Amino acid sequence: MELTEKELALFQAIQQGMDEPNCGWLHEVTPFDNDHVTAGVLSSLVKKKLVHSYEDDETAPGSPPAYWVEIIQ
């Protein structure tokens with residue numbers, strides 16, 4: 001499957017991971033400085049069935065939602 005330059009950058013960042021390979025908090029692993037770019041690229045990777053994304057249901061009130069991402073093995 002062919003990936004765009006941005007898809008590849010985010011996929012590789014998730015592969016590198018946070019504390020362990022292939023997963024982490026999206027805001028910690030994203031290589032982009034723009035939340036809209038990150039969201040669009042993540043959506044594309046999810047549609048291509050390369051990545052799972054889960055919204056943290058314990059986000060503090062008033063804080064932006066946090067998303068856990070992981071590579072589909």
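Helices (H or I, at least four residues) and strands (E, at least two) are DSSP runs, numbered from the N terminus. The views show a predicted model, in which local features need pLDDT of at least 70 and side-chain atom pairs count only at pLDDT 80 or more, while totals for chains, interfaces and linings use all residues. Residues are numbered from 1 along each chain as its sequence is written, and side-chain values use heavy atoms, with hydrogens and water left out.

**View A. Helix 1 and its buried side.** Helix 1, made up of residues 5-16, has 12 residues and reaches 17 Å from its first C-alpha to its last, close to the 16 Å expected at 1.5 Å a residue; the expected span is 1.5 Å times one less than the number of residues. Its buried residues are E7, L10, F11, A13 and I14, and they cover an arc of only 160 degrees around the axis, which puts them on the same side of helix 1. The arc is that of the directions from the helix axis to the C-beta atoms, and buried means under 20% relative accessible area, exposed over 50%, and partly exposed in between (1.4 Å probe, protein chains only). An α-helix has 3.6 residues a turn, so residues three or four places apart point the same way. The exposed residues E5 and Q16 are carried on the face of helix 1 turned away from its buried side. The cover over the buried residues of helix 1 includes strand 1 (23-25), helix 2 (26-29), helix 3 (35-47), strand 2 (51-55) and strand 3 (67-71).

**View B. The surroundings of F11.** F11 lies in helix 1 and is buried, with a relative accessible area of 13%. Not counting residues up to four places away in sequence, F11 touches L3, L45, L50, V51 and I71, where contact means heavy atoms within 4.5 Å. F11 and T30 are 19 residues apart in sequence and 9.1 Å apart in space, C-alpha to C-alpha.

**View C. The largest pocket and T38.** The largest pocket has a volume of about 350 Å³ and is lined by 15 residues, of which L26, D35, T38, P65 and Y67 lie nearest its centre. On a 1 Å grid over the protein atoms alone, a pocket is an open set of points where a 1.4 Å probe fits, with protein on both sides within 12 Å along at least five of seven lines, and lining residues have an atom within 4 Å of a point. Helix 2 and helix 3 each supply at least two residues of this lining, and helix 3 gives the most, with five residues. T38 is found in helix 3 and, at 5% relative accessibility, counts as buried. Leaving aside neighbours within four places in sequence, T38 is in contact with L10, L26, T30 and F32.

**View D. Residues with positive phi.** Helix 1 is followed by G17, whose phi is positive, near 75 degrees. N22, placed in the loop between helix 1 and strand 1, has a phi near 75 degrees, a positive value in a residue other than glycine, and at 24% relative accessibility N22 counts as partly exposed. K49, found in the loop between helix 3 and strand 2, has a positive phi of about 60 degrees although it is not a glycine, and K49 is exposed, with a relative accessible area of 63%.

Key. Grid points are joined across faces, edges and corners, and a volume is the space filled by probe spheres set on the points.
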